[in-house]
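Visitor: I am new to protein structures, and I would like to look at one with you. Could you show it to me?

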Amino acid sequence: MTQEFAYRAMPIADDPVVYAYGPDSSQRSEVLPGSIRSFVIDDSIVYPGTTRTVWVHTPHSHDPSAPAAVMIFNDGWWYLDPDGDVRAGIVLDNIAPELPPMVGIFVDPGMFPDAAEPKNRNNEYDAGDGRYAGFLLNEVLPRVAETTALTDDPRLRGICGGSSGGNGAFTVAWQRPDSIRRVIAFNASFAQIPGGNPYPALMAAGARQPLRVLLHAAHRDIGWNDQEGNWFAENLETAAALARAGFDLRFVVGDGGHSPNHGGTLLPDALRWLWA
């Protein structure tokens, strides 16, 4: 079926671009909201000394005894905040009938409460190794599973994030496809991986993983017109490598800079595609 979209002028200047939200990103009176509970992890083995909050969203119709699909969101509250740029809890409520029975798990990055530099976010998301995946699988999911039944089928587990959180989401699935196979990465920060973005070379050399990936890039992301440190180019190269390697891929490019706005407006359809 042919789809016709309204005319939209292409931005010519470098002025900020803001995308309007669709109906799935706002609360609806006819949709009963899901429940949200939270807990704190302050005894991490993978990231000792850190503390963080995890929020668990379940739809109104959720049966806690039936093993549910899992969708993890990095930058927890930032993605869950109903007044924020992404509003993932509202989206999960609105499109719940189109998704498998699903639990949303929103994981904040770790903080060192008394340190001069308290944020552990980049250390967790940009490392390019298997530590963050191990943390999610061994320290987060088991605590959620104490009160809510979760599937252990990797085809029914996904992860989403933006910026460093997007890069971290892709790395989790790449490192542990035995446990998580669906990825949404908005404005991923592949350029920040120590030693450089490894994924195009790995895929060119024949590395394969059974992943379904929605990758998003912003035309005027950080360093978009520079030869080095070009976040836009790194996303383009990763998407091209995924396409050449035959991955199950959807690639979306927007205008504007390094902002969560476009990813937030895309989230409802991104989730629909990811779980189709």
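Predicted model: local features only at pLDDT ≥ 70, side-chain atom pairs only at ≥ 80, totals over all residues.

Guide: Gladly, and let us start with a term: on a 1 Å grid over the protein atoms alone, a pocket is an open set of points with protein on both sides within 12 Å along at least five of seven lines, whereas a cavity is a set of points where a 1.4 Å probe fits but cannot get out; lining residues have an atom within 4 Å of a point. Grid points are joined across faces, edges and corners, and a volume is the space filled by probe spheres set on the points. Residues are numbered from 1 along each chain as its sequence is written, and side-chain values use heavy atoms, leaving out hydrogens and water.

Visitor: Which residues lie nearest the centre of the largest pocket?

Guide: Among its 26 lining residues, those are Phe5, His262, Thr265, Leu266 and Asp269. Helix 8 gives the largest share of this lining, 8 residues. Helices (H or I, at least four residues) and strands (E, at least two) are DSSP runs, numbered from the N terminus.

Visitor: What makes the span of helix 8 close to the expected one?

Guide: The expected span is 1.5 Å times one less than the number of residues. Helix 8 (residues 261–274) has 14 residues, and its 19 Å from first C-alpha to last is close to the expected 20 Å.

Visitor: Where does helix 8 bend?

Guide: At Leu267, by about 55 degrees, with Pro268 following within four residues. The bend is the angle between axes fitted to the seven residues ending there and the seven starting there.

Visitor: How many cavities of 30 Å³ or more does the structure hold?

Guide: It holds 1, with a volume of about 50 Å³ for the largest cavity. Its lining includes Glu124, Tyr125 and Val172, and helix 5 supplies the largest share, 3 residues.
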